[in-house]
Amino acid sequence: MYQQMIFVNLAVNDLDASKEFFTELGYSINAQFSDEHTASVVISDTIVAMVHTKQRYAEFTKKEIADSTKTSEVLLALSSESREKVDELVEKAVAAGGSVSGETQDQGFMYGRAFDDPDGHTWEVVWMDPSVVEG
């Protein structure tokens with residue numbers, strides 16, 4: 001059965017630093033789709049972050065590239081299997097050079113936190129009680 005995938009493309013200031021950051025979070029780099037200007041960060045079987053040098057990213061758009069440390073161009077949200085895994089990923093991100101973004105959101109059935117990667121892209125990590133999601 002076909003599973004649709006998402007490829008999130010992000011411009012980064014330092015490709016090697018971005019690769020190190022994401023591998024410290026536990027993600028792998030797919031060498032087949034990586035080179036000196038791009039790294040393919042495998043988040044799951046259906047989610048891949050393509051991090052590009054700004055020079056490479058500019059090849060895909062005629063628009064000005066946002067300075068993600070000053071402007072929000074996208075909010076990326078990842079689901080998590082538990083509250084503890086939400087905290088674990090955010091703590092790994094901070095230890096790897098990211099920073100906490102915003103306040104913890106705890107609504108009982110839903111728990112979320114967010115971090116900014118070293119380039120300022122905001123990643124939200126959210127757990128939802130499966131019994132509520134299944135309805």
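This is a predicted model: local features need pLDDT of at least 70, side-chain atom pairs count only at pLDDT 80 or more; totals for chains, interfaces and linings use all residues.

Q: Which residues have the most contacts inside the largest nonpolar core?

A: Those are F22, L25, Y27, V51, F115 and W123, in a core that has 25 residues. The elements that give two or more residues to this core include the strands β1, β3 and β4 as well as the helices α1 and α3, and the largest share, 4 residues, comes from α3.

Q: What does Y27 touch?

A: Leaving out residues up to four places away in sequence, Y27 touches F22, V41, V42, I43, L78 and L89.

Q: And β3, how many of its residues are buried?

A: In β3, 4 of the 5 residues are buried, so this strand is largely enclosed by the rest of the structure.

Q: Which strands does β3 pair with?

A: It pairs with β2 in the antiparallel sense over 2 bridges, where I29 has V41 of β3 as its bridge partner. β3 also pairs with β4, again in the antiparallel sense but over 5 bridges, and there the bridge partner of T38 is H52 in β4. A hairpin of 4 residues joins β3 to β4.

Q: Switching to the surface, which residues make the nonpolar patch?

A: F109, M128, V132 and V133 make a nonpolar surface patch of about 330 Å².

Q: Where is V133, and is it buried or exposed?

A: V133 lies in helix α4, which covers residues 130–133, and V133 counts as exposed because its relative accessibility is 54%, where exposed means over 50%.

Definitions and conventions. Residues are numbered from 1 along each chain as its sequence is written. Side-chain values use heavy atoms; hydrogens and water are left out. Patches are made of residues with over 30% relative accessible area and no salt bridge: like charges are joined within 9 Å, nonpolar side chains (Val, Leu, Ile, Met, Phe, Trp, Tyr) within 5 Å. Accessible areas come from the Shrake-Rupley method with a 1.4 Å probe; for residues, only the protein chains shown count as cover. A salt bridge is a side-chain nitrogen of Lys or Arg within 4 Å of a carboxyl oxygen of Asp or Glu. Buried means under 20% relative accessible area, exposed over 50%, partly exposed in between (1.4 Å probe, protein chains only). A nonpolar core is a set of buried Ala, Val, Leu, Ile, Met, Phe, Trp, Tyr and Cys residues joined through side-chain atoms within 4.5 Å. Contact means heavy atoms within 4.5 Å. Two strands pair if DSSP finds at least two bridges between them.
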